[in-house]
Amino acid sequence: MEQAAATPTTKYPTRFRDPSENKDFFLALTEKLFIKRKVTPEEVARYGEYLWVGDELADKLAHKFHEIGMQPAMKMLGEALNGTIPKGSPAELKALMQQVESEPLWLNKSLLEAGARLTQRSGMLGEYVLSCVSLMGGYRSGAANKPIAFTGQLDYMASRRLAETAKFSFDVTRSGGLERGAAGFKSAIKVRMMHAHVRMMLDRSPKWRHAEWGLPINQADLVATNVLFSAVYLGGLRVLGLQISDEESAGVMHLWRYIGWLMGVDENLLPITEGEGTRTAWLAGVTQPPADDDSRLLGQALMNVPLERAETPLEKAAAWFEVQLRSGFSRMVLGDRAGDDLGLPNNPLKYAIALTTPVVFAAETVRRLVPGLTSLVVLAGDRWQRAAVEKPLAGKPAGFVPPQELRRESAYV
């Protein structure tokens, strides 16, 4: 007999920390330098309550798909995303498609384009930020990392999962990628349903510690991930020397606001401006629990992906050097305490950014001054990102298919 999903018995799960108790230096520095309007106790309380909230439309469909069987269900979803809802489809699928096909009133496609172009022109630098800052930063939480730890999708297949994450990010950030029928639109809904399926599996699992971790893949953690890919991403690009206009900043935030909306994040949680995104990122970070063994396991698995992909002795030597640079960048942005939590190497190469940032900033100045050069950089960045995504996939499409079982247990179970 299947175990029923748990209901909250406390206002917050025990993972939720009082911001006044978190003494992390980088979070305190962020608050002093970048948080113009202090986060209120009411905002803290509201954010904590979202640790119990899922995605009602997708969750209902996940339960129905479980009844139907995943193979026919995924085929049904694929047809719906291609524009035709099959006869006999459950009402839950029709409800989900009706929601994602009705564009929100606030949607501005000019801003979507501005955000996509900035992401594309970031090229290799954008990939560095997403991997070394956005993903690494997310793995540090000893609670938000649990769904990945339970499904075993990083420690035993790190390279493949990173490639699929990169493919998702690539699809949703291309020009026109979120139009109906486009690759990004399909990817966003498939990942949303993957989240719902994993949430259902973990919610029913006797191994999941609801009182400690809250609801699996809850709204609070979803918006935390969203701002890691938007506001934190913009900050990381600036650290590397990229010059970002106000329109581009607004564009990236709008792009990820819409991506979050498509993926079932509560519209009231999604930040509109970079400033709001930074406040949300700070709130998410300051209320997260400390790192644990799963944090280190996931951080080191992600760190070692370049070594995993290297084959020849020369490639392995280059991969070792790349690992040191990437780990150093993570430490410079997230702080040494975070680097220690994640088990990242700590050596003088972390200061290499002090040499590369001025070079990038100078090149960016030339880009801004030369007519037509920005468009060429966007094109070149898009091509680099496309190649970087396609090579590790090795011709195998990223299906974003939900796991059929919990492949391993958390180190803390």
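Mentor: The lining of the largest cavity divides into 6 nonpolar residues, 1 polar residue and no charged ones. In this division Ala, Val, Leu, Ile, Met, Phe, Trp, Tyr, Cys and Pro are nonpolar, Asp, Glu, Lys and Arg are charged, and the others, Gly among them, are polar. The model is a predicted one, in which local features need pLDDT of at least 70 and side-chain atom pairs count only at pLDDT 80 or more, while totals for chains, interfaces and linings use all residues. Residues are numbered from 1 along each chain as its sequence is written, and side-chain values use heavy atoms, with hydrogens and water left out.

The residues lining the largest cavity are A62, F65, M70, M74, M193, H197 and P402. Two or more of these residues come from each of α3 (56-68), α4 (70-81) and α10 (183-204); helices here are DSSP runs of H or I with at least four residues, numbered from the N terminus. The space in this cavity is about 30 Å³, and a search of the whole structure finds 1 cavity of 30 Å³ or more. On a 1 Å grid over the protein atoms alone, a cavity is a set of points where a 1.4 Å probe fits but cannot get out, whereas a pocket is an open set with protein on both sides within 12 Å along at least five of seven lines; lining residues have an atom within 4 Å of a point. Grid points are joined across faces, edges and corners, and a volume is the space filled by probe spheres set on the points.

To turn to open space, the second largest pocket holds about 1,100 Å³. It is lined by 47 residues, of which E127, R309, R326, A388 and P392 are the closest to its centre. By class, the lining of this pocket comprises 25 nonpolar, 12 polar and 10 charged residues. Helix α7 (123-139) gives the largest share, 10 residues, and α9 is among the elements that each supply at least two.

Helix α9 spans residues 158-172 and includes D171. D171 is buried, because its relative accessible area is 6%, and buried means under 20% with a 1.4 Å probe and protein chains only. Leaving aside residues up to four places away in sequence, D171 touches G177, A183, G184 and S187, contact being heavy atoms within 4.5 Å.

Key. Buried < 20%, exposed > 50% of the residue type's maximum accessible area, 1.4 Å probe, protein only.
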